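Colleague: I would like to learn how to read a model of this kind, one feature at a time. Please take me through it slowly.

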Amino acid sequence: MKIKNFAMLAGVAGLLAACGGSSIVEPADLNDQRVFFAFNSSDISDEARDNLLGQSLYMKNHADTKIQIAGNCDERGSTEYNLALGARRANAAKAVLVKDGIESKRISTISYGKERPLVKGTGEQVWKFNRNATTTVK
């Protein structure tokens, strides 16, 4: 019975691998790597997780690298609210890296709230780019 279950699990694993597998790619450089967030959220999407796991792979291969993750928001909301939301976004991104084995002391976080928009302007086509966590090498 155990062999039958193992064979079934191996088959499922093979099927998952054949369906495209992971989209985790190590970036050539960590500067200006960004993950994006939904409105009023610090939840990490699958796409953001894959990006962060690629950053983690880079950090594993470059053990002396230290980074800062800056949380950013769109222009809506008060300054105080957006500073807190930006901090949650930066810390959520950091948590993915730490969970994947990167030492916490190699990662600092900061929140800029709505003070440093990536794209100037108004409306969802602009705001979606300003809701991010941006990685830079320190």
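Colleague: How many bridges join β1 to strand β4?

Modeller: Strands (E, at least two residues) and helices (H or I, at least four) are DSSP runs numbered from the N terminus, and two strands pair if DSSP finds at least two bridges between them. Here 4 bridges join β1 to β4 (residues 132-137), and these two strands run antiparallel; Gln33, for instance, has Thr135 in β4 as its bridge partner. This is a predicted model, in which local features need pLDDT of at least 70 and side-chain atom pairs count only at pLDDT 80 or more, while totals for chains, interfaces and linings use all residues. Residues are numbered from 1 along each chain as its sequence is written, and side-chain values use heavy atoms, with hydrogens and water left out.

Colleague: What is the order of the strands in the open sheet?

Modeller: The 4 strands are ordered β1-β4-β2-β3, with mixed pairing.

Colleague: Which strands does helix α3 lie across?

Modeller: Contact means heavy atoms within 4.5 Å, and angles, from 0 to 180 degrees, are taken between the N-to-C directions of axes fitted to C-alpha atoms, for helices over the stretch in contact. Helix α3 (residues 79-99) lies across β2, β3 and β4, at about 155° to β3, whereas α2 (residues 46-61) lies across β1, β2 (67-72), β3 and β4, at about 155° to β1. Just after α3, Gly101 takes a positive phi of about 110°.

Colleague: How many aromatic pairs are there?

Modeller: Such a pair is described by the distance of the centres and the angle of the planes. Rings of Phe, Tyr and Trp (its six-membered ring) pair if their centres lie within 6.5 Å, with planes under 30 degrees apart called stacked, over 60 edge-to-face and the rest tilted. The count comes to 1 aromatic pair: Phe36 and Phe129 have ring centres 6.2 Å apart and planes at 85°, so they are edge-to-face. Because Phe36 lies in β1 and Phe129 in helix α4 (residues 124-130), the pair ties together parts 93 residues apart in sequence. Phe36 counts as partly exposed at 36% relative accessibility.

Methods
Buried < 20%, exposed > 50% of the residue type's maximum accessible area, 1.4 Å probe, protein only.
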